[in-house]
Structure formats: structure tokens, C-alpha cells
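Hello,

Here is the structure I said I would pass on. My notes on it follow below.

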Amino acid sequence: MSQDTITENSSKEHWNESIVNEVILEDLKQNRIDHMTYLPGMEDPHSDIMDKVIDAMNHYDYEKYTEADVRRALAHDNRTPEDFAALLSPAALPLLEEIAQEARRETRKHFGNSVYMFTPLYIANYCENYCIYCGFNCHNKINRAMLNPEQIEKEMQAIAETGLQEVLILTGESRAKSDVKYIGEACKIARKYFRVIGLEVYPMNSDEYAYLHECGADYVTVFQETYNSDKYETLHLAGHKRIFPYRLNAQERALMGGMRGVGFGALLGLDDFRKDAFATGYHAYLLQRKYPHAEIAFSCPRLRPIINNDRINPMDVHEPQLLQVVCAYRLFMPFASITVSTRECARVRDNMVNIAATKISAGVSTGIGEHADDIEEKGDDQFEISDDRSVKEVYDALLAHDLQPVMNDYIYV
């Protein structure tokens, strides 16, 4: 086959794919559901927290803060939302070294030199949502897979053999493929091998969270992605994830369902990262005031390239800005757990846990069936990772930084 023929066929393939995408987008426009209205069956907790968070974010003018505001925030022992806003402002960047030193002192005061280790386990990558930045989105042409109970157990056995005692169970957002009972069975299997079980799945109602808690789940993490509802609509074109308030209120429903902890995160780079980081922190702050027993956790992910789209990367969120966000979370909510994921490279992650992060993943794969050797039908990754170190390599790196790796942070009596 000549080079001209190859080029012609590639062009036709790209042209045909473009036509298909245009047809999909036009159909979505004509049949688009209101992203602010709950669908039948979605539980509304009738909480005022969402309105408070969005109002505060909309009124957050980070350009108004000065160096004096930042220094005032640093001087406080207990920091207010106004202090948090100052610490996230551009005026804080020139003081990043001082902020990092103070964040490190807060971290050592509350966590010592402990860093908790875990790994995510993706058990299915089927998804019913059309989120344009995610590798699992329903229109992305990837290899889909769903582990059966036997395969889930093999994966968990392989992970447990590394010494880890905490696992984070993830699925694509498909109730049809990964229903609540399926996720519950995975939790029951996980309880045989792990002390702590987290979930990062589609948002649910409080009774469903209660069922998963009975099955063994300890905490739930939900990424809001962005708190700008207008931007959110343009990024989530179809599926239940399109419903902005149902997702935003997921952590509250999880706590209503008995979960002991909830995690928060915006995908930094989708929109104005300062406003998104402020809304994330304020959301967690309000929920902890309403539910004082809740354990609070933050994740600070930046955009990463996905299969069929390697142009996806964070906008305006470079390493100094990422460190600023992590330190601001630590200073605002000193008891919160902060995770730095494998979206970041080893150097950045090692630096973060030496300053303010308290939780790190290791031995990570975002694909399906990647931990056990004898699982043949594997599914493609959700996104590209930057740190592929094994559990032992991360463990040794922590020790080299005079940090204490901790495999389990909870004891059942």
C-alpha cells in the first residue's frame, strides 16, 4: 500500500469520525436535559449547602487580596473562609515558600510524619455519561471490561500481597452495568483483605450509600469536577452526571447513609482553578460544620491526557499553583486528609507529602484487570498516570524522606 493510500484512508477515517461526532453533538443539543433539575428517582436532601457554596464562589474576587491579607491569614491559628480565600489568591504566590513552611508545620502537628498508602482498583469501565474530558466517556472508542466476583477477588488478593490494607474501588458511571448490588459485592470481597475501603463511583441516594456501608464501605469520594454550573453543562453533555445539584449533594447523602468519611475534589484546569479550589474547600467546611463527626478528605487532581485525546492538559495550573492549592487546604482544614494522585509525577508527589499531603497511592493502574496475572479480558485506562512506581518503591521513597508509611488508619473493635 502506498503512502498516499495510507494518508487518504487516514483522512477518510478522520473525516467519518468527525461526521459521527457532529451527529452525536447535534442529537444531544436537541434532546438535552436541564442540568439543574433532578431526574426521577434522584434524592434531594433539601440542603442549603449548595446555594451557599455557589454564592460564595460567585462573589469570590481573588484579585482584591493583598500581601497583607495573606500574611494576616498566615498569622491566624484558626483560619476563616476569608483567610482561605486570601491563601488561594494570586497575592499568595510570592509568599509560597512561607505558606509551604506553615503548611508543613500544621501537617506535622496533626499527622506527625505519617503518610497513608492505598491503591485504586478499577473493577469496570462502562459508562453512560458523555464527559468530554474523560477516557471512560460513553462515546470514546476504548476496550470496555467488567470484572466478575472471581476476578475481583484475584485482583484484591494481588493487591493485598503488596502489604496494602486500604483499597479504593472505582467503576465507570453505569448503573446498568455496575449496579449498587455489584458494587456491594465488591465491598464484601474487599472486607476479607483490607481494613479500609473507599468508593469512587457514581452518586447515589442515601439508602444506597447505607447499603454499601453495610457491605463494608467506609468512605465515599465524589469529584464535582467544576463548581461553575454553566461550565459544567458544557462539559457533561449526556447521562446522569449532567445533573449538577445531584452530584454536588452526593457527599451529604453519603453521610446521611452512615459513611464515616467523604472526599472532595475539583478537576483543576477545567475552569478557573482558584474559584473551583475555593468552592471545594468551602463545600467541605460547611459539611463538616453540619456533620461534625465526618472525616474530611481532599484530592487535588489536574487534568491528564486520555485515550484518543492527548491534548487534554491543565490550563494555568502549574506546579506552584498546585502546591498553593494543597497548602491552602491544609491551612484552612488542618485535620483533613489530602491525597496526591498518580496524575502527578514522582518528584511532585514526593514534594507534596513532605509538605502538606498525607495520603499517597502506589502500584496504580487506571485500567481494568491489571493487578492479577491471569485476567485475560482487560479494559482500557481512564487516563494516563505519571507515577508508575510500585508499592515498595513508594514505601522506600517515603522512608528516604524520613516519613513513616502507614498501611492502615482505622481499627475495628
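Tyr246 is buried, with a relative accessible area of 6%, while Tyr38 is partly exposed at 21%; buried means under 20%, exposed over 50% and partly exposed in between, using a 1.4 Å probe and protein chains only. This is a predicted model, in which local features need pLDDT of at least 70 and side-chain atom pairs count only at pLDDT 80 or more, whereas totals for chains, interfaces and linings use all residues. Residues are numbered from 1 along each chain as its sequence is written, and side-chain values use heavy atoms, leaving out hydrogens and water.

The model has 15 aromatic pairs; rings of Phe, Tyr and Trp (its six-membered ring) pair if their centres lie within 6.5 Å, and planes under 30 degrees apart count as stacked, over 60 as edge-to-face and the rest as tilted. Tyr38 and Tyr246 make an edge-to-face pair, 6.1 Å centre to centre with 85° between the planes. Tyr38 is in the loop between α1 (3-30) and α2 (49-58) and Tyr246 is in helix α10 (residues 244-248), so their pair ties together parts 208 residues apart in sequence. Helices here are DSSP runs (H or I, at least four residues), numbered from the N terminus.

One aromatic cluster includes Tyr62, Phe84 and Phe332. The charged end of Arg274 sits over the ring of Tyr62, 5.8 Å from its centre, and that of Lys359 sits over the ring of Phe118, at 5.4 Å. The rule for this is NZ of Lys or CZ of Arg within 6 Å of the ring centre and within 35 degrees of the ring normal.

Regards

Technical notes
Helices (H or I, at least four residues) and strands (E, at least two) are DSSP runs, numbered from the N terminus.
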